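Please keep the sequence and the 3D view beside you while reading.

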Amino acid sequence: MSDNDARPGVHDLRSALQRLQARPDQLIETDHPVDPHAELAGVYKRVGAGGTVARPTQIGPAMIFNNVTGYPGSRVLVGLMASRERVGLLLDTSPRELTQRMAEAVKDAIEPITIDRDKARCQEIVYRADDPDFDLRTLLPAPTNTDQDAGPYFCLGLVLSSDPDDGTDVTIHRLCVQGRDEMTIFFAPGRHIDEFRKKAEAQGNPLPVSINMGLDPAIPIGATFEAPTTPYGYNELAIAGGLRGRPVELVDCVSVPQRSIANAEVVIEGVILPGRRDAEDQNTHTGHAMPEFPGYNGAAHPALPVLKVTAITTRRDPILQTLVGPGEEHTTLAGIPTEASIYNACEAALPGFVSEIYAHTAGGGKFLAVMKCVKRNATDDGRVRQAALVALGTYRELKNLIMVDEDVDIFDSDDVLWAMTTRMQGDIDIIVIPGVSGHVLDPSQSPAYNPRLAARGVTAKTIYDATVPFHLRAEFARAQFRDVDPRPFAPDLDLEYPVTS
Ligand code: MN
């Protein structure tokens, strides 16, 4: 037992799993053999993926597969954060208050520290790529999510890299296994590690990186913040430090001049090679990459940077963590930081006016948000739209916004649609801002869809103002029922009373 194990609370993946095991219906395990090629993701699509995957699906438990065909002794975890309720459990708060919890963590950020190698659990086992028996493809059971995918992917690989002048960055990137010691790495335009890579490549240098998998969930969710909350050069690991009230621990890699996350289950060390590009589907020629967060298959990229693996280090009996790309897990990982960024910006611009924000799962936590506004007087009619503009100005990838009043439950889509149905007139309450920067993975954001769009990833942004005009508020009071404790009448239903969250 190291010191780490004595700490209270969630501090690594295993303590996160222990917390879930103490609750009913949050984590299941199976010994049934599963093929990592398309079967594992196919199972979880039905069990718990949710989000934007094709129906049928549902919100369900996280799942550990103990018997992965072709990988004796390997375990794969999927869906750890594929429910807002579960993320609340793992981050010590209620699902509703995650926005504010993350917003506070940004203000309380604590920089990571580096610990000695002999204390780093992630280096209990070391495999070096210069060993002739080394083969990435047989060491780790990277799943292929669908039969159309370009290859096996590490879907929750937190890439850590640094630049001598510009600092350190951590970001989850799409990593496709290409050979015994090679992977391709996909960067959406403007990602910070890609800027480091371009600088290194211009000087003819490889870029040392570590890929960290199987982490305290505070780390990947903190890493998903984007500029302007975490501008170029900002080390997002500091937000996980803020969430936990103690620094994330790093350790020097064994094979490259880089650091890795000391409590990771699995670390892949390597360098991004200068001047090299490979087709993402060079081994399969499927034309597809993998299912992306908007729910569609991403196109295989014809020329991606190549990551040369130099070593893999793991804990004993490591758990490989993955996700189903378009699922609810993307919504929580991307969306809760989105909510927190918008919340902090609205608090700065319009203090106290926006009380809740939900980055809705229909947009994978990026494209659609519902915002609750607290109107106090007639001038607040205009502040609703001002808050929407603040949100659009804060988070570039946001496309549509639904603005509702205090009496609407933003996490209940039926209630939001009710507000849109009874509190909107389309000609005066829908505001469209054409031709703004958006996201390339939304297929409607293309000149083929609308010839007025200059390029892919340019979009109209739409504000749906479903709030009641202040002077008409008396006509929009919801019918009030008597507040009764229902529990004596329906004891088996496990109803909450009084409702606390
Ligand atoms: Mn960054």
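## The manganese site

The manganese ion is coordinated by Asp169 through OD, His192 through ND1 and Glu236 through OE, at 2.1 to 2.3 Å; donors are N, O and S atoms within 2.8 Å of the metal (3.2 Å for Na, K and Ca), and because water is not among the atoms, sites may look incomplete. Along the sequence, the spacing of these donor residues is D-x22-H-x43-E. Aspartate 169 belongs to strand S8 and histidine 192 to helix H7, so the pair ties together parts that are 23 residues apart in sequence; helices (H or I, at least four residues) and strands (E, at least two) are DSSP runs, numbered from the N terminus. Aspartate 169 counts as buried at 0% relative accessibility, and histidine 192 is buried with a relative accessible area of 15%, where buried means under 20% relative accessible area, exposed over 50% and partly exposed in between (1.4 Å probe, protein chains only).

The model is predicted, so local features need pLDDT of at least 70 and side-chain atom pairs count only at pLDDT 80 or more, while totals for chains, interfaces and linings use all residues. Residues are numbered from 1 along each chain as its sequence is written, and side-chain values use heavy atoms, with hydrogens and water left out.

## The two largest pockets

About 830 Å³ of space lies in the largest pocket, and of the 37 residues that line this pocket, the closest to its centre are Thr171, Ile172, Arg191, Glu226 and Lys366. On a 1 Å grid over the protein atoms alone, a pocket is an open set of points with protein on both sides within 12 Å along at least five of seven lines, a cavity is a set where a 1.4 Å probe fits but cannot get out, and lining residues have an atom within 4 Å of a point. Grid points are joined across faces, edges and corners, and a volume is the space filled by probe spheres set on the points. Strand S8 (167-172), strand S15 (288-291) and helix H10 (328-349) each supply at least two residues of the lining of the largest pocket, and S8 gives the most, with four. By class, this lining has 19 nonpolar, nine polar and nine charged residues; Ala, Val, Leu, Ile, Met, Phe, Trp, Tyr, Cys and Pro count as nonpolar, Asp, Glu, Lys and Arg as charged, and the others, Gly among them, as polar.

The second largest pocket has a volume of about 400 Å³, and among its 23 lining residues Arg174, Phe186, Ala299, Val440 and Leu441 lie nearest its centre. Strand S16 (297-299) is one of the elements that give two or more residues to this lining, and S16 provides the largest share, three residues. Domain 1 (3-329) and domain 2 (350-472) both give residues to the lining of the second largest pocket, so this pocket lies between them; the domain bounds come from an automatic or database domain assignment.

## Enclosed cavities

A search of the whole structure finds three cavities of 30 Å³ or more. The largest cavity has a volume of about 160 Å³ and is lined by 13 residues, of which His11, Pro247, Val248, Glu249 and Asn263 lie nearest its centre. The second largest cavity has a volume of about 50 Å³, and helix H10 gives the most to its lining, with four residues.

With a disulfide taken as a pair of cysteine sulfur atoms within 2.5 Å, the count comes to zero disulfides. Cysteine 122 is in no disulfide, and the nearest cysteine sulfur, that of cysteine 253, is 7.8 Å away. The sulfur of cysteine 176 is 9.6 Å from the closest cysteine sulfur, in cysteine 155, which is too far for a bond.

The peptide bond from arginine 55 to proline 56 is cis, with omega near 0 degrees, and proline 56 is found in the loop between helix H3 (39-49) and strand S2 (62-65). Aspartate 25 has a positive phi of about 65 degrees although it is not a glycine; aspartate 25 lies in the loop between helix H2 (13-21) and strand S1 (27-30), and it counts as exposed at 66% relative accessibility.
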